[in-house]
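Open the model in your viewer and colour it by chain. This tour tells you what to select at each stop and what is there.

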Amino acid sequence: MKWETVIGLEVHTQLATKSKIFSGSSTAFGAAPNTQASAVDIALPGVLPVLNRGAVECAIKFGLAIGANLNRVNVFDRKNYFYPDLPKGYQISQLAKPIVEGGALTVVVDGTEKTIHLTRAHMEEDAGKSLHEDFHGMTGIDLNRAGTPLLEIVSEPEMRSSAEAVAYARALHTLVTWIGICDGNMQEGSFRVDANVSVRPLGQKEFGTRREIKNLNSFRFLQQAIDYEVRWQIETLEDGGRIEQATVLFDPDSGETRMMRSKEEAHDYRYFPDPDLLPVRLDDAWIEAVRATLPELPAAMQTRFQAEYGVSAYDASVLTGSRALAAYFEAAAQKSGQPKLAANWVMGELSAALNKAELDIAQSPVSAARLGALISRIQDGTLSGKLARQVFEGLWEGAGEVDAIIEARGLKQMSDSGELEKIVDEVLAANQKSVEEFRAGKEKAFNALVGQVMKASRGKANPAQVNELLKAKLQ
Amino acid sequence: MNPFDTSLSALAAQLATKQVASRELAQVYLDRIAALNGTINAFITVDPEKTLREAAAADAAIAAGQAGPLTGVPIAHKDIFCTDGWLTTCGSKMLSNFVAPYDAHVIERFKAAGLPSLGKTNMDEFAMGSSNETSFYGAVKNPWDTARVPGGSSGGAAACVAARMAPAATGTDTGGSIRQPAAFTGITGLKPTYGLVSRYGMIAFASSLDQAGPMAPSAEDCALLLNVMTGFDPRDSTSLERDKEDYTRDLDKPLAGLRVGLPREFFAEGLNNEVAAAVEAAVAELKKLGATTVEISLANSKLAIPVYYVLAPAEASSNLSRFDGVRYGHRAPEYADLNDMYAKTRAQGFGAEVKRRILIGTYVLSHGYYDAYYLQAQKIRRLIAHDFAEAFKACDVILGPTAPGTAFRIGEKSDDPVEMYLNDLYTIPANLAGLPGMSLPCGFDGKGLPIGLQLVGDYFSEAKMLNVAHQYQRVTDWHARRPEGLQS
C-alpha cells in the first residue's frame, strides 16, 4: 500500500522583548538560577500580571508579515495544570480568541513552490525549568524562564514530507528573525518545534491518528524524528496495529521516538478567560504604527532582487536567507556595480569561508564594502579570478584595503601588452613542439601553451588577453 | 482619654493639634485588643512593637508639619492583604507560616498616609464564608452577642471595629464580605466600584469580583478612608485610571429630590420581619429628608446566588492552584512522590469550605461542563448588570436590606452550605455587576442585634451613597451605638 504523510507544526518562538510578558523581570538567557524571578514570576500570593505591550507588538508584526487576520479583540485564558516549574498552577495563554488567525508562508521544496497555511498564532508565557541533575535525587526549579513571552505558531496539517516540514520550519525561522521578534537561537530554546505526524493510505480523505513529537530544537532532529515516526507508524499499521493518539519525545541518541503520555493521560486544562487581564484591543493606529516598523520582507525582497539585480530565483532565495546576508549582498552589489558577480562571491567564496570558520555573516572579517571593491577590481581587469581569490584571502586575514593588498603582494594582473607579448614570444620559442602539434590540429596543445604563458607570468597575465595574443601569433 | 466614641476626623484633629500622640492612641487600642481579643478573636496577628514604631513615625510626621488628613489614626488590616514583614495567613493553615515580603497596594496607601497598623484581622479562610467560622484561626465572636457570628468573610475587621478594638479596618468584598459583617456588627462598610481600589497584594479569591473597601463606625469615616484607598495602580490591569476624587465632598448635600429605588425582589419572601421593618423605617427617615421612593425590579437577581456559586469557585479553583507546597506556605511533612506531595499538602492545608469551592470550580470548568455552567453564568451575569442599568434610569440609589436576617448563632448554619450561601442573597448582585454597595446600621432586632441597610449605587457614585448614608446618620444614632459590657 502507498502511504501519505501528514504533518502540522506547532512552533514556540521566544519573543525578543527585554522584559517578561507579565512582569518587569529581564528575559536575558543564562543568568544564575532564580535571579530573574520577581514576586510576580514566582507567583507570590496577591501578585497580578500586567501585559507587556512589546510582546503584543511582536505578535502584530508576525501577523502582518504572514498576511494573517489580526483579532481586534483577543483574550488571555488560563490553562490550568500542576507542575513545579509552573508557579501559578496555570499558564496564561490564548485559546478561543488568539491574536493572529490565518496567514500563509511559501516554501520551495525540490524546486517546487508550496504554500503552507497557518491556523493561528497566540501569545503565552513560558514555564520555568525543572533541573533533575546535581540535586542528590531531588529536583531543582529555576524560574528565570517563567514568564518569558512566547508566540506559539500553529500550521495547518498541510506538509506531506519531512523535507516540507523542515522547509516550512526554516522559512518560519528566517521570518521571525528577519522581522526581529525572535533571536532564533535554537540551542537556547528560542525556537522550539512540536510536530504532529500521521499517515494515511494515499487517496484517503480522512486524517490518520496523529502523534505529537515534542520539543525538537534543531532542523536535523525535526527531519530525523519525523522520518522515524513515519516509518514506525507505517510499520505499525502494516503489521495490523493501531496508532493511539499520544505525545512522544525524540531521543537524538537512538534516533527514535518514545511515548511520553497517551491520550487518556492528557490533562483537562480547564481553560477560562483570565479575569486578571483585560481583553487586548488592537486599533488601526496601533497596527499601522507597528506596520511602519516592519522591514522589507523576504518574499518581496526576492522579487526585487530578481528584477533589480537580475539574479536567479534560486540565488534570490539564498541571498535572503537572513536579513544580514541580504543587506551584505546589496551593499556589495551596489559598491561594485556588479550584482551577479557579487551574488556569486557572496554565495561562493564568502559563504564557504564563513562556514569553514563557523562564523555568521554579521561576524564576517571581510566587509561588504571591501568585497565590493574586490569585485570592482575583477571587473576592470586588474584581477583575474585566481588573483582575486588571493586578494580575498588577504582581506580575510585583515591585511587592509583591496588596492593595498594588490600592491603589497604584487597581485596586479599584467596589463602592459608589450610585456605580455614578450612572454608569449619566449614561450612560443621554447615550446616549438607544442606549436607544431597545434598547427597539426591538436587543440589540446593550445591549452598547454596558455598554461605555460600563465606560469611564466606567475598568474598575473589576463587569460583572455593571452588567448587573443596566442591565437594571433599562431595563425 | 476615650477615643472609642470619637470620629476619625475628630481623632485626626486631636492628633494634628497634639492633644494626643499617635503612640498614645495606638497604645490605648493595643491595650483594648489585649483585653478583648481572647473573647472576640478578631485578630490573628498583633505586633505592638511594629505598631508603636509606625505610630512614632506618624508622630514625627505630625511634628514636622507633614501630616495628612488621617495621619496617626491606627487601623486594622484584614489578613488577606500582604504586609511586608507580617505574617499574612488569609485565615488558612496553608499560609500559616507565610511572612509576606511585600506590601499590598492598600497597605502601601495607608502606610504612606501615616496610619499605623494595629494588626491583621481574622477572616474566613481565603475569604470563603459568611460567618467567619471557616478560619483556621477559629471563629470570630460577634461583640453584640459572643455566642453569635460577626458575619464574614471580613468578620475580624467588623468585630474589631464594633468592639472598638480599632477605630477603623480594611475589608474585602467578593459577594458581601464587607457589607454583611458590617450589618451583623452594627458598623458602616463600603464596597467600591470594581476597579477603584487596586487588588495588588490582596490574596485573590475570585478576581473578577474581589474589591477592597473601608469598614468604620460611620459613613464619614468611610469617606475619609476611601480617599486613602482609591487611585490608579499600574500593577493591577483591572485598576481604573480616573481622576482622584474627594469622597467627602458631597457628605453635607441635602437629600431633597433624591430618588430611592426599592427593588421589590429584596423585600419578598425570606426576609426577616424585624429587618424589613427597620429598613422601612429608614426609608421613612429618608423621605423626611426630602427623598422620594420608586419601586424597581431586579428580576434576574434571584439567579445571583447560583451564578455566583459557579463563577466565584471557578476563579477560586484556579487562583488557589499556586498553593502547591513548592515555593512557600504549608508543605506536607511526608510524601511519596510529586503528586502525593500536592495531594497531601492541599488536603492538609485547606479547610472543608475551601475544598468544597475548589471542587465546584474545577467541576464547572471541566471539559464538557464549561458551556453549561461557566458560560451560562457569565450570560446571566450580564443580564443582572443590565437590570441595574435599567433601574438607574429611574432612581439615584437602590436601597434594601443588607442581609435577610441578623447575626446567627455560631454553628447554626455551618452544616448547611446552601442555607449559609443564602445570607448573601442581597449583596452578591452588586459584585456581579461591579457596582458599589454599602451597609449602614438602621436599628436592632428584639434580641438587641444590629440590622443593616444596604445602598447600591451606579458606577462611581460612592460620593452620592456616602452623602445619603451621612445624612441618614446625622438624624439617627444607630451607628454610634456600641456593645456594652464587653469583658476580657
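Start with chain A: 40% of its 475 residues count as buried. Buried means that 20 or more other C-beta atoms lie within 10 Å of the residue's own; exposed means 12 or fewer; partly exposed lies in between; C-beta atoms are placed from the backbone.

This is a predicted model, in which local features need pLDDT of at least 70 and side-chain atom pairs count only at pLDDT 80 or more, while totals for chains, interfaces and linings use all residues. Residues are numbered from 1 along each chain as its sequence is written, and chains are lettered from A and ligands numbered from 1 in the order in which they are written.

**Stop 1: chain A as a whole**

Stay on chain A and show the cartoon. Its secondary structure comes to 15 helices and 17 strands. Helices (H or I, at least four residues) and strands (E, at least two) are DSSP runs, numbered from the N terminus. Now zoom out. The C-alpha trace of chain A spans about 95 × 55 × 50 Å along its principal axes. The radius of gyration of chain A is 30 Å, but a compact globule of 475 residues would have one near 23 Å. That radius is taken over C-alpha atoms, and the globule rule is 2.2 Å times the number of residues to the power 0.38. Among the contacts in chain A between residues at least 6 apart in sequence, 68% join residues at least 24 apart. A contact needs two C-beta atoms, placed from the backbone, within 7 Å.

**Stop 2: a three-stranded sheet in chain A**

Which strands form the open sheet, and in what order? Three do, in the order E5-E4-E16 of chain A, with antiparallel pairing. Two strands pair if DSSP finds at least two bridges between them. Select strand E5 (90-93) and strand E16 (272-273) of chain A: they stand at the edges with a single partner strand each, so one side of each has no neighbour in the sheet. Click Asp77(A); opposite it in E16(A) stands Pro273(A).

**Stop 3: E12, E13 and E14 of chain A**

Select strand E12 (residues 191-201) and strand E13 (residues 211-216) of chain A. They run antiparallel, joined by four bridges. Asn196(A) has Glu212(A) as its bridge partner in E13(A). Four bridges link E13(A) to E14, and here the strands run parallel. Look for Ile213(A), which stands opposite Val248(A) in E14(A).

**Stop 4: helix H12 of chain A**

Select residues 417-430 of chain A, helix H12. Its 14 residues reach 20 Å from first C-alpha to last, close to the 20 Å expected at 1.5 Å a residue. The expected span is 1.5 Å times one less than the number of residues. Show side chains for Leu420(A), Ile423(A), Val424(A) and Val427(A), the buried residues of H12(A). They cover an arc of only 100 degrees around the axis, which puts them on the same side of H12(A). The arc is that of the directions from the helix axis to the C-beta atoms. Turn to the other side of H12(A): Gly418(A), Lys422(A), Asp425(A) and Ala429(A) are exposed there. What covers the buried residues of H12(A)? Helix H14 (443-456) and helix H15 (463-474) of chain A are included in the cover.

**Stop 5: where the chains meet**

Show both chains. The contact takes 25 residues from chain A and 33 residues from chain B. On the chain A side, 17 are nonpolar, three polar and five charged. Ala, Val, Leu, Ile, Met, Phe, Trp, Tyr, Cys and Pro count as nonpolar, Asp, Glu, Lys and Arg as charged, and the others, Gly among them, as polar.

**Stop 6: chain B**

Chain B has 15 helices and eleven strands.

Select helix H4 (residues 105-112) of chain B. Its buried residues are His105(B), Val106(B), Ile107(B), Arg109(B) and Phe110(B). They pack against strand E2 (75-78), strand E4 (169-173), strand E6 (211-216) and helix H7 (219-229) of chain B. Gly114(B) follows H4(B), with a positive phi near 85 degrees.

Finish at Arg409(B), in the loop between strand E9 (397-401) and helix H13 (417-421) of chain B. Arg409(B) counts as partly exposed, with 13 C-beta neighbours inside 10 Å. Leaving aside neighbours within four places in sequence, Arg409(B) is in contact with Ala147(B) and Arg148(B).
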